[in-house]
Amino acid sequence: MAEMGSKGVTAGKIASNVQKKLTRAQEKVLQKLGKADETKDEQFEQCVQNFNKQLNEGTRLQKDLRTYLASVKAMHEASKKLNECLQEVYEPDWPGRDEANKIAENNDLLWMDYHQKLVDQALLTMDTYLGQFPDIKSRIAKRGRKLVDYDSARHHYESLQTAKKKDEAKIAKAEEELIKAQKVFEEMNVDLQEELPSLWNSRVGFYVNTFQSIAGLEENFHKEMSKLNQNLNDVLVSLEKQHGSNTFTVKAQPSDNTPAKENKSPSPPPDGSPAATPEIRVNHEPEPASAATPGAALPKSPSQSSLPAVVVETFPAAVNGTVEGGSGAARLDLPPGFMFKVQAQHDYTATDTDELQLKAGDVVLVIPFQNPEEQDEGWLMGVKESDWNQHKELEKCRGVFPENFTERVQ
């Protein structure tokens with residue numbers, strides 16, 4: 001019997017909720033048709049507009065801050081690779097090797113410390129700040145529903161009072177429901193009327209603290225990094241002094257009577273879409289004497305006569321999936337508007353539904369934004385090559401991704 005009673009209560013509650021939804025829907029229809037007046041609060045509506053603006057600004061700041069942190073991490077990895085390269089080429093018997101290695105270690109630690117402090121002092125604060133919005137947004141929506149309930153109860157009470165045949169019992173019950181609906185609405189309304197202006201005013205202090213933290217951390221980071229770079233420069237100057245006779249000098253391109261062979265790259269496509277960068281090959285084989293320009297040749301310096309001529313060859317560019325040039329042009333199976341390919345150099349975890357999830361090594365086919373105004377600086381639109389080959393559906397597969405996580409491969 002208890003179980004049946006429990007089921008009965010549950011069924012009754014469900015029926016009550018369904019009835020509420022129907023009543024609200026009917027009330028909204030009547031209000032839209034102008035057959036029922038609607039309680040308006042312009043001051044509160046302005047507070048809601050401010051709330052939505054503040055939420056959008058905070059969400060964008062959070063996204064851009066994460067992009068900034070991702071860039072710091074990528075720059076850290078690039079700096080680390082560069083220092084590793086220096087350590088590999090720095091031979092054991094060269095002076096300053098230990099100092100160079102120590103500088104590289106401190107460089108790595110400085111990047112790690114910078115990234116972690118940005119997370120602690122900016123990103124976590126940002127997350128805490130945005131964490132209060134979902135609850136308030138839910139309460140604003142609930143207040144809207146309770147306002148409809150209040151208007152509906154008010155209209156029902158008024159209709160009973162103006163009816164030709166008055167039923168005092170129904171009027172009393174309707175008045176009781178009206179008072180109850182008004183009380184629930186006003187309690188929520190008062191709380192939000194106090195909280196929303198306070199939240200709106202708090203944004204100034206939050207923005208100041210956030211950007212002050214970022215600016216201060218970046219300033220200190222560059223000061224410390226400048227010291228490390230100066231120390232590394234001193235070590236290299238010392239190495240140069242002890243090996244001065246073997247110092248590398250950058251020489252200008254030697255002039256030669258022999259012209260370089262060059263094939264013109266194809267002209268840009270008529271539709272204005274960017275073509276892929278022509279591939280350049282350098283041929284170190286000297287030109288035969290017969291290719292020289294006739295006439296008296298200027299004498300060459302010893303350094304010039306020992307250098308081979310440079311032969312530059314260009315190859316056709318791929319435009320919108322078609323290799324231009326020659327009768328054997330081949331149409332590649334690529335998405336519409338394809339511009340070029342990039343390969344992910346680092347993993348990237350998507351933070352929004354419109355972003356691509358990348359693993360290092362993934363190849364992405366870059367395509368233009370449908371609306372160029374939606375493109376944020378540093379972001380590209382594309383589809384992973386593996387997804388395109390499998391589905392051939394842009395709507396399901398395309399997404400945006402940070403350009404600095406990738407490297408152009410075609």
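User: Is Glu 57 buried, partly exposed or exposed?

Analyst: Start with the scale. Buried means under 20% relative accessible area, exposed means over 50%, and partly exposed lies in between (1.4 Å probe, protein chains only). Glu 57 has a relative accessible area of 27%, so Glu 57 is partly exposed. This is a predicted model: local features need pLDDT of at least 70, side-chain atom pairs count only at pLDDT 80 or more, and totals for chains, interfaces and linings use all residues. Residues are numbered from 1 along each chain as its sequence is written, and side-chain values use heavy atoms, with hydrogens and water left out.

User: With which residue does Glu 57 form a salt bridge?

Analyst: First the rule. A salt bridge is a side-chain nitrogen of Lys or Arg within 4 Å of a carboxyl oxygen of Asp or Glu. Here the partner is Lys 53, and the closest N and O atoms are 2.5 Å apart. Lys 53 is partly exposed, because its relative accessibility is 42%.

User: Where do Lys 53 and Glu 57 lie?

Analyst: Helices (H or I, at least four residues) and strands (E, at least two) are DSSP runs, numbered from the N terminus. Both residues lie in helix H2, four residues apart, about one turn of the helix. Another pair has this kind of spacing: Arg 154 and Glu 158 lie four residues apart in helix H4. Their closest N and O atoms are 3.7 Å apart in a salt bridge. Arg 154 is buried, because its relative accessible area is 12%. Glu 158, at 36%, is partly exposed.

User: Which salt bridge links distant parts of the chain?

Analyst: Look at Glu 195 and Arg 139, which form a salt bridge with closest N and O atoms 2.5 Å apart. Glu 195 is in helix H5 and Arg 139 in helix H4 (residues 133–161), 56 residues apart. Glu 195 is partly exposed, with a relative accessible area of 31%. Arg 139 is partly exposed too, at 21%.

User: How many salt bridges are there by this rule?

Analyst: The count comes to 18. Some join into a network: Lys 63, Asp 352 and Glu 355 are linked in this way.

User: What is in contact with His 76?

Analyst: Contact means heavy atoms within 4.5 Å. Leave aside neighbours within four places in sequence, and His 76 is in contact with Asp 108, Trp 111 and Met 112. His 76 is found in helix H2 (residues 42–89). Its relative accessible area is 11%, so His 76 is buried.

User: What should I notice about phi of Lys 392?

Analyst: Most residues other than glycine have a negative phi. Phi of Lys 392 is near 60 degrees, a positive value in a residue other than glycine. Lys 392 lies in the loop between helix H7 (385–391) and helix H8 (394–397). Lys 392 is partly exposed, with a relative accessible area of 35%.
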